[in-house]
Structures are given as C-alpha cells and as structure tokens.
Amino acid sequence: MIYQTEKDLLKDIKEKKYYNLYLLYGEESYLIDLYSQKLSDIFVKEDSGFNITNFDGENTLLKAISDVAESLPFFSDKRVIIINEPSKEIFDNKYLEDFLSDIPKFSIVIFKIKSDSFNPGKTASHKNLLNLCDKYGVAICLGERKETDLIKYVMTYIKKAESSIEKNQAQNIISMCGNDMNKLSYELAKLTAYADKNPITDEMIEKTIIPTVEAQLYDLSNCINRGNLPKALEILHKLLILREEPLKILGVLYNFYCNIYKAKISLDKGISKDESSELFGLRPGDFRIRNAYDDCKKYNESQIIKIISILAEADLSIKSSPLPGEFIIEKTITEIMTLRKY
C-alpha cells in the first residue's frame, strides 16, 4: 500500500496496524528519520541495540540483509533492519522480490531513501522497489511540508514546551529557517530553552534564531524593495563577510524581481495567487507568491523591466569588469532604489 499523506501513516500507527516492510523516501530527511525512529521504538522497546541493525546500503549486499532478517531477535518479539540509501546491487538484485515477499514475521525492514536521485517515475529499478513495497508492505513519500503545516508544527512544538507564540511570529521563524525541518527543530530547541516556559517574544526570536543564508538574501531583497538602503547595505556586508559570492546575491535579487514581474502580469490579467503557482514553479500558498503579489503594487511594469535589466547588466559587469563585485552590487542596489515607486 502507498500512503497518500502522513495522516494515513499516523492513523495506522495509532490503530496499531503494522507491516513488516516500510519504504520511507522523499526530500524531507527530518521526517524520514522521525518516522523511522518512531517505528523502531514501537517494534523494539527499551532495546539495548541488539535488535536494531542499520545498514549503509551503498556497501551492503542483499544477502547480508537477508541473513540478519532471518536471525531470531534477542529477548524481544521483533527485530528492526534499517537500510539507508539502498545500493544499485539491492535495486537490481533478481532475488529482491523473493526476500521482500517472505520477510519473517519477527523482522521489520525499513528502507530510508533521502537521495534526490530516487525517481520511481523515470528509473525502472526504483519503480520496482516502490511497487514491491506497495505489494508486500507500505511506502510513503515524505516531501517538504507546506507553509501552513510548518506553522502548525512550530506552534505545536512551542505549546509542548509549555510556552506560547503568535502565528505571525511562527511565520517569521519559518522565513528565517526555511523549509528544512532539521534546521527548524534545532532552532526551536534553542528558542524554547531560552524562553524557559515564558511567552515567545520578537526579541527572543532575534536573539536565538540564526537565519539561513537564503533568508538573509531574501531580507536583503525586501530591504531594497522597501527602500531601506542602510539596512540593505548592512545585510549585504554581512553576506560578503560570510563569503557569499556576488553573483549568487545578484541571482537571488534577479529571481525576486522576476517573481514581482510575474505577479504584476498575473494581477493585470486577473489571475489569482493560487492560479499562478504553476507560473512561479511554487506550491499554491507559498509566501513568495503572496509577497510578490503585494510587492508588485509598488511598481509599474516598465520599472520592473528596468530593474531586471539593471541586474542583468550588473551580472555582466561582475563577469567582465575589473571592478570589485562588492562595489558593483552596492551601485546596483542604489540604482534600483531610485526607481522605486513611492
């Protein structure tokens, strides 16, 4: 069986409906590790390590996995075998179905695949593994969570820590941490420890949460968009100290204003935010679409086109001019601000 959502998996776990075979794959490594640990804890309680075996799939043969699966557990009803990133030998092994179709009742096999290279839609051996897990066990794709899900996660995490937080603060934390749930959970652990069961404040967030480079780049774009030159230059200099490449910074600014242009055209044609998600290449409801729709009202179409042209010229200058990239970016930011619509 293939679970369509996390809720389906959680429902089965809650109802104690278990299987001997699980395939956990997708972009969100945090969720893959979370559910792998949750399943391990269910099947092997208070285990000293004897009944949980982790295999590095890249250097593991199917026979080695099969041998462990056939071994009786020690002082326990179950043993768990976790295969991290299966090797080509496992994918292509002609005996794979024989093994998966006849896993001993006392063994639980969990495949964990975090690699982007796992593509059942294009690779026959990957599709075969998915189909076998569908036939003899369960599989679930754990992709990046939507912003609404991340907000709920933050607010639930804070509540469990016996503290409280406003929704707009949760949104701010997500914008600082991005969609990486490993990063998000690490920063929330720091924040709740600092808060010590007191309500979360903006000052606490600013003191404890370290924004990703991508978040700082987005803040730079927003400062330019709002006309805050001192703050924009402050963020720019921090990024340069962190040795961010000038071309990468320009690339983020270019994408930022391209999104504003897409929003401007869509708005003029009466296309809603959700309807335009495919044009942006983002999920419906993504904050970048929402912000682009708000920001595009500050410009007319010719201004946006001119800004994109300025950024393209700056890109060429950095690649061909002897002038320092830092100087070119500062000059570019100043030029953009003169075109803003007040």
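In this predicted model, the axes of helix H11 (residues 213-226) and helix H12 (residues 229-241) come within 8 Å and cross at roughly 155 degrees, which makes H11 roughly antiparallel to H12. Elsewhere, an open sheet of six strands is ordered E1-E6-E2-E5-E4-E3 with parallel pairing, and the axes of helix H2 (residues 29-43) and helix H9 (residues 181-195) cross at roughly 75 degrees. Because the model is predicted, local features need pLDDT of at least 70 and side-chain atom pairs count only at pLDDT 80 or more, whereas totals for chains, interfaces and linings use all residues. Residues are numbered from 1 along each chain as its sequence is written, and side-chain values use heavy atoms, with hydrogens and water left out.

**Helix pair H11 and H12**

- Axes are lines fitted to C-alpha atoms, for helices over the stretch in contact, and angles run from 0 to 180 degrees between N-to-C directions; angles under 35 degrees count as roughly parallel, over 145 as roughly antiparallel, 65 to 115 as roughly perpendicular and the rest as oblique.
- The crossing of H11 and H12 is left-handed, a term used if the near helix is turned anticlockwise from the far one by less than a right angle, with right-handed used if clockwise.
- On the H11 side, the contact (heavy atoms within 4.5 Å) is made by Val-213, Gln-216, Leu-217, Asp-219, Leu-220, Cys-223 and Ile-224, while H12 contributes Lys-231, Ala-232, Ile-235, Leu-236, Lys-238 and Leu-239.
- The residues of this contact of H11 with H12 divide into nine nonpolar, one polar and three charged, where Ala, Val, Leu, Ile, Met, Phe, Trp, Tyr, Cys and Pro count as nonpolar, Asp, Glu, Lys and Arg as charged, and the others, Gly among them, as polar.
- Gln-216, which is found in helix H11, is buried with a relative accessible area of 13%, given that buried means under 20% relative accessible area, exposed over 50% and partly exposed in between (1.4 Å probe, protein chains only).
- Not counting residues up to four places away in sequence, Gln-216 touches Pro-211, Ile-235, Lys-238, Leu-239 and Leu-242.

**The open sheet**

- Helices (H or I, at least four residues) and strands (E, at least two) are DSSP runs, numbered from the N terminus, and two strands pair if DSSP finds at least two bridges between them.
- The edge strands of the sheet are E1 (2-3) and E3 (52-56), each of which pairs on one side only.
- E1 pairs with strand E6 (residues 138-141) in the parallel sense over two bridges, and the bridge partner of Tyr-3 in E6 is Ile-140.
- Helix H3 (residues 62-70) lies across E3, E4 and strand E5 (107-113), and runs at about 165 degrees to E4.

**Strand E2 and its neighbours**

- Strand E2 (residues 21-25) pairs with E6 in the parallel sense over four bridges; in E6, Ala-139 is the bridge partner of Leu-23, and Cys-141 is that of Tyr-25.
- E2 also pairs with E5 in the parallel sense, over five bridges, and Leu-24 stands opposite Lys-112 in E5.
- Five of the five residues of E2 are buried, so this strand is largely enclosed by the rest of the structure.
- Both faces of E2 are covered, with Leu-21, Leu-23 and Tyr-25 buried on one side and Tyr-22 and Leu-24 buried on the other.

**Helix pair H2 and H9**

- The axes of H2 and H9 come within 7 Å and cross at roughly 75 degrees, which makes H2 roughly perpendicular to H9.
- Ser-29, Tyr-30 and Leu-31 of H2 make the contact with Met-181, Asn-182 and Ser-185 of H9, and the residues of this contact divide into three nonpolar, three polar and no charged.

**Positive phi in loops**

- Most residues other than glycine have a negative phi.
- Phe-75, in the loop between H3 and E4, has a positive phi near 50 degrees and counts as exposed at 89% relative accessibility.
- Arg-243, which is not a glycine, has a positive phi of about 65 degrees; Arg-243 is found in the loop between H12 and helix H13 (246-268) and, at 74% relative accessibility, counts as exposed.
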